[in-house]
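Here are some notes for a colleague who is opening this entry for the first time. Please read them with the model in view.

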Amino acid sequence: MMNPFKKARPEGWLILLGAVLMLAATILHPPLVDPYDLQKAYHEFKHAQFWIGDHILMLIAISLWLAGLAASKAYMARNNKTSDFGAGMMFVALAAWILILASELTILPILGNKGTDVKVWEAVFSFGLLSGYFGFACSWIGIFCYGMAMKQSGGTFPKWFSASARWSGLLAFFGIIITCLHFDFGYFVIPVTAGPAFLWTVWLAILLLSGRMH
């Protein structure tokens, strides 16, 4: 009997493991969406029990997830500039998240625990959260580009799969814009708009692990 994992693509493991760890880190992370609501941010930071561990977990999760997505570009379309650009957006997002999470693992705990000038703490927090929106926006653009590349090249994947990449990527990207225009909407807008794109990456991982992406 043929081993069902014989043709599995290792990128699928990276995406799937990263996605699972991202969900765990998101559950542990304080619910913060407004980079200018510093009073709430400081309160949540002081009362967070897993700040360091959660951010280490998030750093690992995002790195696995984005590295797997970037490495998957060849399965979308070979020698295609659109898929290359999509992978490039994943790398930009990864670089942004490394900077963001590194600052939240080091600068914020030092400033917050030592009672340094609150304005400095506020500036670092605002930078981190706004940059996080930028990082996710890049990843959603990358998913949209992957969908466009699949449409351009055809392939063995279902048509609905490439279409869902395009539409979910656009939806998630506009969700970032809406949130930045009105942060109070973020608690509702982010899960609703980013959820489909995130689930698309999970389905991509399943297809890669099943050997159906060539």
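1. A residue counts as buried under 20% relative accessible area, as exposed over 50%, and as partly exposed in between. Ile56 has a relative accessible area of 40%, so Ile56 is partly exposed. The model discussed here is a predicted one.

2. Overall make-up. The chain holds eight helices and zero strands. Read from the N terminus, the order of elements is α-α-α-α-α-α-α-α. The chain has 214 residues, and 46% of them count as buried. Its accessible surface is about 11000 Å², with 72% of that belonging to carbon and sulfur atoms.

3. The nonpolar core. The largest nonpolar core comprises 57 residues. Within this core, the residues with the most contacts are Trp65, Leu66, Phe125, Trp140, Trp200 and Leu204. Two or more core residues are given by each of helix H1 (10-28), helix H2 (38-47), H3, helix H4 (73-76), helix H5 (81-114), helix H6 (118-153), helix H7 (159-181) and helix H8 (186-210). H6 supplies the largest share, twelve residues. As a general remark, nonpolar side chains in soluble globular proteins tend to be buried together.

4. Trp140. Which residues does Trp140 touch, when those up to four places away in sequence are not counted? They are Trp65, Gly169, Ala172, Phe173, Ile176, Ala194, Ala197 and Phe198. Trp65 is also listed with Trp140 among the core residues that have the most contacts.

5. Ser72. This residue sits in the loop between H3 and H4. Is Ser72 buried or exposed? Its relative accessible area is 0%, and therefore Ser72 is buried. Apart from neighbours within four places in sequence, Ser72 is in contact with Glu11, Ile15, Tyr146, Leu204 and Leu208. Tyr146 lies 74 residues away from Ser72 along the chain, yet their C-alpha atoms are separated by 9.3 Å. The side chain of Ser72 also reaches the backbone oxygen of Gly68, at 2.6 Å.

6. Ile56 belongs to helix H3, which covers residues 51-71. Together with Ile52 and Ile60, Ile56 makes a nonpolar surface patch of about 240 Å².

Methods: Residues numbered from 1 in each chain as written. Predicted model: local features only at pLDDT ≥ 70, side-chain atom pairs only at ≥ 80, totals over all residues. Heavy atoms only, no water. Patch = residues over 30% accessible without salt bridge, like charges linked within 9 Å, V, L, I, M, F, W, Y side chains within 5 Å. Areas by Shrake-Rupley, 256 points an atom, 1.4 Å probe, with all protein chains shown as cover. Salt bridge = Lys/Arg side-chain N within 4 Å of Asp/Glu carboxyl O. Helix = DSSP H or I, 4+ residues; strand = E, 2+ residues; numbered from the N terminus. Buried < 20%, exposed > 50% of the residue type's maximum accessible area, 1.4 Å probe, protein only. Core = buried A, V, L, I, M, F, W, Y, C linked by side-chain atoms within 4.5 Å. Contact = heavy atoms within 4.5 Å. Polar contact = N/O pair within 3.5 Å; in protein donor to acceptor, adjacent residues only side chain to side chain.
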